[in-house]
Amino acid sequence: MCCYVGVAGGAASGKTTVCDMIIQQLHDQRVVLVNQDSFYFNLTEEELKRVHEYNFDHPDAFDNDQLLSAMEKLRQGKAVDIPKYDFKSYKSDVFPARRVNPSDVIILEGILIFHDPRIRELMNMKIFVDTDADVRLARRIRRDTGEKGRDIATVLDQYSKFVKPAFDDFILPTKKYADIIIPRGGDNHVAIDLIVQHIRTKLGQHDLCKIYPNLYVIQSTFQI
Ligand code: ADP
Ligand code: C5P
């Protein structure tokens, strides 16, 4: 059995940063990070020609069936190949896929991982990174003009046409499913410590159950 942790939130809210901090603290455990970005559909030639009209923030942009199948395989203890998405070519077959082995903790990170109930219900712990829109936009401009080589006008157009409306219509409404809402993302060390503590407790309980299969009965007796 593994512990599934979902980390959702707007683009550039700090999801990856939060995940990296959790992973750093869980260095003595087997932990893997899977990004929802890896499951973007490849664009058709026609879509590629008019890429500025494509909505990458809509739930239909992701291949959730493929994502679910990968999650199921990991749950069954099988290794899976996770594609690496290339933001420059808009393709997921440019780089070699990454082999992910079954682990004790599987962290799934992405803007819309709580949107599809099938994916949402897989999660043992759901976290929403809550960062102000102006901070997200400022980070996005810096990231997309730097790492992705886009110009500022394109970034702002995409933001007002697709990113902001999709945040309001699809991402923000999934906040209600979260068990934990983290304000200020990676700056919130207290929240990250508490999350790591909770994961350790869950993993410890699982180890104890393996050693003492009747532990549930013992716990119930104590509760009475
Ligand atoms: P997401 O995974 O939600 O898109 P990231 O964690 O990748 O967000 O962060 C987006 C950008 O903002 C990155 O360039 C990252 O270095 C930067 N960033 C994230 N958290 C902070 C923070 N607390 N302070 C300053 N910059 C940050
Ligand atoms: O990593 P992050 O959660 O920020 O990734 C999601 C964002 O990536 C979305 O807001 C989407 O607009 C953007 N994206 C993009 N170009 C792509 C694929 C996704 O700008 N080819």
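Guide: Two residues are in contact here when heavy atoms of theirs lie within 4.5 Å; the model discussed below is a predicted one.

Visitor: With that cut-off in mind, which residues is Ile195 in contact with, leaving aside its neighbours within four places in sequence?

Guide: By the 4.5 Å criterion, the partners of Ile195 beyond four places in sequence are Ile22, Met125, Ile127, Ile180 and Ile182.

Visitor: What makes Ile195 a buried residue?

Guide: The word requires a relative accessible area under 20%, and Ile195 has 1%, so Ile195 is called buried.

Visitor: Why is Tyr90 called buried?

Guide: Tyr90 has a relative accessible area of 15%, and because the cut-off is 20%, Tyr90 counts as buried too. Tyr90 lies in the loop between E3 and E4, and its phi is positive, about 65°, although Tyr90 is not a glycine. Arg184, in the loop between strand E7 (180-183) and helix H7 (189-211), is likewise not a glycine and has a positive phi of about 70°.

Visitor: How do you know what span to expect of helix H3, and what span does it reach?

Guide: The expectation is 1.5 Å times one less than the number of residues; for the twelve residues of H3 (residues 64-75) this comes to 16 Å, and the distance from the first C-alpha to the last is close to that, at 16 Å. Just after H3, Gly77 takes a positive phi of about 85°.

Visitor: Which residues of H3 are buried, and what covers them?

Guide: The buried residues of H3 are Asn64, Leu67, Leu68, Ala70, Met71 and Leu74. They cover an arc of only 160° around the axis, which puts them on the same side of H3. An α-helix has 3.6 residues a turn, so residues three or four places apart point the same way. Among the elements that cover the buried residues of H3 are strand E1 (3-9), strand E2 (31-35), strand E5 (105-109) and helix H4 (117-120).

Visitor: Which residues are buried in helix H1, and why are they said to lie on the same side?

Guide: In H1 (residues 15-25) the buried residues are Lys15, Val18, Cys19, Met21 and Ile22. The arc they cover around the axis is only 160°, and therefore they sit on the same side of H1.

Visitor: What makes the approach of Lys15 to ligand 1 a polar contact?

Guide: A polar contact is a pair of N or O atoms within 3.5 Å, and a polar side-chain atom of Lys15 lies 2.8 Å from an oxygen atom of ligand 1, so the pair qualifies. A backbone N or O atom of Ala12 is 2.9 Å from an oxygen atom of ligand 1, and a side-chain N or O atom of Arg143 is also 2.9 Å from an oxygen atom of ligand 1. Taken alone, ligand 1 exposes 550 Å², of which the protein buries 68%.

Visitor: Which residues are the closest to ligand 2, and how much of ligand 2 does the protein bury?

Guide: Ligand 2 is surrounded by 15 residues, the closest being Lys15, Asp57, Arg140, Arg143 and Arg150. A side-chain N or O atom of Asp57 is 2.4 Å from an oxygen atom of ligand 2, and the corresponding distance is 2.8 Å for Arg140 and 2.8 Å for Arg143. Taken alone, ligand 2 exposes 470 Å², and the protein buries 97% of that.

Terms used
Residues numbered from 1 in each chain as written. Chains lettered and ligands numbered in written order. Predicted model: local features only at pLDDT ≥ 70, side-chain atom pairs only at ≥ 80, totals over all residues. Heavy atoms only, no water. Helix = DSSP H or I, 4+ residues; strand = E, 2+ residues; numbered from the N terminus. Buried < 20%, exposed > 50% of the residue type's maximum accessible area, 1.4 Å probe, protein only. Arc of directions from axis to C-beta. Polar contact = N/O pair within 3.5 Å; in protein donor to acceptor, adjacent residues only side chain to side chain. Areas by Shrake-Rupley, 256 points an atom, 1.4 Å probe, with all protein chains shown as cover. Near = heavy atom within 4 Å.
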